[in-house]
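Colleague: I'm new to this one. Can you walk me through it?

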Amino acid sequence: MLFYTMHFCRPMKIISLLPKIILALFALSMLAATLRAEDNAPKGKYLVYVGTYTQQEGTGKGIYAYRFDAGSGQLAPLGVAAETTNPSFLAVHPNHRFLYAVNEVAEYKGKKSGIVSAFAVDPKTGKLTLLNEVPSGGADPCYITLDRTGKFVLVANYTGGSVAAFPVLQDGRLGEASAFVQHSGHGSNPQRQEGPHAHYIDLSSNNHFAVAADLGLDEILVYKFDPTKGALAPNDPKFASVDAGAGPRHFVFHPSGKFGYVINEMQSSITAFSYDAELGVLRKLQTISTLPKDFAGSNDDAEIQVDPSGKFLYASNRGHDSIAVFAIDQGKGTLTLVEDVPTQGKTPRNFEIDPTGSRLFAANEKSNNIVIFRINAQSGRLTPTGQVLDVPSPVCVKFVIE
């Protein structure tokens with residue numbers, strides 16, 4: 001009898017413990033998920049890099065660095081991180097070890113080409129060490145980004161009217177171009193759209209498509225992107241159009257991947273699109289002004305960003321010298337103006353929202369400063385923090401997680 005009692009008792013005890021075991025396993029899985037989320041979440045402590053203009057009217061010396069604590073709001077200047085010519089736009093590698101810059105010049109080694117520079121980041125000092133530089137393939141490169149894997153750098157050449165891709169080697173250096181596409185045609189404005197002027201290129205969240213804004217063509221061109229070869233091929237359809245003479249400058253995807261927005265420099269407007277992530281197709285939804293109705297002065301739009309929550313969109317006005325704040329309809333993707341906020345400086349060419357979504361850094365190129373605003377998470381409205389960074393000719397701000 002004892003044999004049978006022992007034989008059946010152990011399974012009975014195990015069965016009775018199953019709910020506790022399942023609960024414990026669930027708790028462990030939740031803890032692991034939380035830890036993974038914390039690893040991927042913004043840490044709140046960053047290096048901030050600022051690209052500047054160093055030639056002609058520009059008075060910068062290259063790329064400047066700051067240390068920023070998003071929790072406390074404290075900023076510490078680290079000086080010039082790297083002396084380099086006209087680093088007008090920057091991009092950070094996903095591993096945070098490398099930074100890339102376009103050097104916006106018209107000639108390089110006797111050819112009509114700008115430069116793409118690769119730097120190693122020293123997380124302790126913020127200093128940048130030049131790894132190598134390659135020709136951009138066209139004059140005056142003005143935008144740079146990396147694909148989602150960090151294996152390729154993509155560049156838009158403004159005066160050259162072209163886009164190109166470059167492989168990132170294992171040590172962070174750049175190889176020879178893996179793709180080059182020359183745009184052709186012209187827009188309706190003979191002074192500013194006499195030919196193609198590629199102003200932007202970036203990747204969709206699935207890394208399958210590259211979207212390029214060409215100010216000279218009034219087109220948002222879409223390319224199929226091969227992430228193994230770094231190749232670009234025209235999508236079908238090849239592009240989406242904006243209004244004639246609008247002059248599309250920069251584009252941004254909504255975090256949901258369902259919508260995209262382009263800021264039109266010459267029209268001072270934003271065009272909203274729906275986006276088919278599988279086909280890479282953009283369909284126009286709305287065009288809305290970035291300016292108050294009573295503004296009658298001259299203005300050129302510049303930068304556009306969506307906050308990490310996907311609830312608000314921000315756009316910079318050069319002339320009106322403000323940041324336009326829009327609420328985003330999460331279902332339709334359309335925009336409603338919330339406010340226009342003065343940037344407390346002249347010519348806000350670029351701005352960047354910190355990765356926590358708590359602050360906006362507005363780079364006022366002509367007044368040589370960066371003014372920091374606090375973002376209201378509920379309304380999207382901007383409030384000056386009182387912090388102003390003195391930077392000569394700032395034109396790009398980027399964050400590197402420490």
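Colleague: Which residues does Leu232 touch?

Modeller: Leu232 touches Leu154, Val163, Ala179, Val181, Ile201, Ala210, Tyr223, Lys224 and Phe225. That leaves out residues up to four places away in sequence. Contact means heavy atoms within 4.5 Å.

Colleague: Where do these coordinates come from, and how are residues numbered?

Modeller: This is a predicted model, where local features need pLDDT of at least 70, side-chain atom pairs count only at pLDDT 80 or more, and totals for chains, interfaces and linings use all residues. Residues are numbered from 1 along each chain as its sequence is written, and side-chain values use heavy atoms, with hydrogens and water left out.

Colleague: Back to the core. How many residues has the largest nonpolar core?

Modeller: The largest nonpolar core has 62 residues. Tyr49 and Leu232 have the most contacts inside it. A nonpolar core here is a set of buried Ala, Val, Leu, Ile, Met, Phe, Trp, Tyr and Cys residues joined through side-chain atoms within 4.5 Å. Buried means under 20% relative accessible area, exposed over 50%, partly exposed in between (1.4 Å probe, protein chains only).

Colleague: Now strands. How many residues of S25 are buried?

Modeller: Six of its six. Strand S25 covers residues 359-364. Strands (E, at least two residues) and helices (H or I, at least four) are DSSP runs, numbered from the N terminus.

Colleague: Which way do the S25 residues point?

Modeller: Arg359, Phe361 and Ala363 point one way. Leu360, Ala362 and Asn364 point the other way. In a regular strand the side chains alternate between the two faces of the sheet.

Colleague: Which strands are joined to S25?

Modeller: Strand S24 (residues 348-353) is joined to S25 by five bridges. S25 is joined to S26 by six bridges. S24 and S25 run antiparallel, and so do S25 and S26. Two strands pair if DSSP finds at least two bridges between them.

Colleague: What stands opposite what?

Modeller: Pro348 stands opposite Asn364 in S25. Leu360 has Phe373 in S26 as its bridge partner.

Colleague: And what about the turns in those hairpins?

Modeller: The hairpin of S24 and S25 has five residues between the strands, and Gly357 takes a positive phi near 75° there. The hairpin of S25 and S26 has four residues between the strands, and Asn368 takes a positive phi near 55°.

Colleague: Where does Asn86 sit, and what is its phi?

Modeller: Asn86 has a positive phi of about 45° although it is not a glycine. It lies in the loop between strand S3 (75-83) and strand S4 (87-92). Asn86 is buried, at 6% relative accessible area.

Colleague: And Asp218, buried or exposed?

Modeller: Buried, with a relative accessible area of 6%. Phi of Asp218 is near 60°, also a positive value in a residue other than glycine. Asp218 is in the loop between strand S13 (209-214) and strand S14 (219-226).

Colleague: Why point these out?

Modeller: Most residues other than glycine have a negative phi, and most peptide bonds are trans. Pro237 is in strand S15 (residues 231-241).

Colleague: New topic. How many salt bridges does the structure hold?

Modeller: The structure holds 12 salt bridges. A salt bridge is a side-chain nitrogen of Lys or Arg within 4 Å of a carboxyl oxygen of Asp or Glu.

Colleague: Which parts does the pair Arg192 and Asp300 link?

Modeller: Those two side chains, Arg192 and Asp300, meet at 3.4 Å, N to O. The pair links distant parts of the chain, 108 residues apart. Arg192 is in the loop between strand S11 (179-182) and strand S12 (198-203), and Asp300 is in strand S20 (residues 300-306). Arg192, Arg249, Glu265, Asp300 and Arg318 are linked in a network of salt bridges.

Colleague: S20 again. Which sheet is S20 in?

Modeller: An open sheet of four strands, in the order S20-S21-S22-S23, with antiparallel pairing. S20 and S23 stand at the edges with a single partner strand each, so one side of each has no neighbour in the sheet.

Colleague: How many bridges pair S21 with S22?

Modeller: Six bridges, between strand S21 (residues 312-318) and strand S22 (residues 322-328). Ala315 stands opposite Ala324 in S22.
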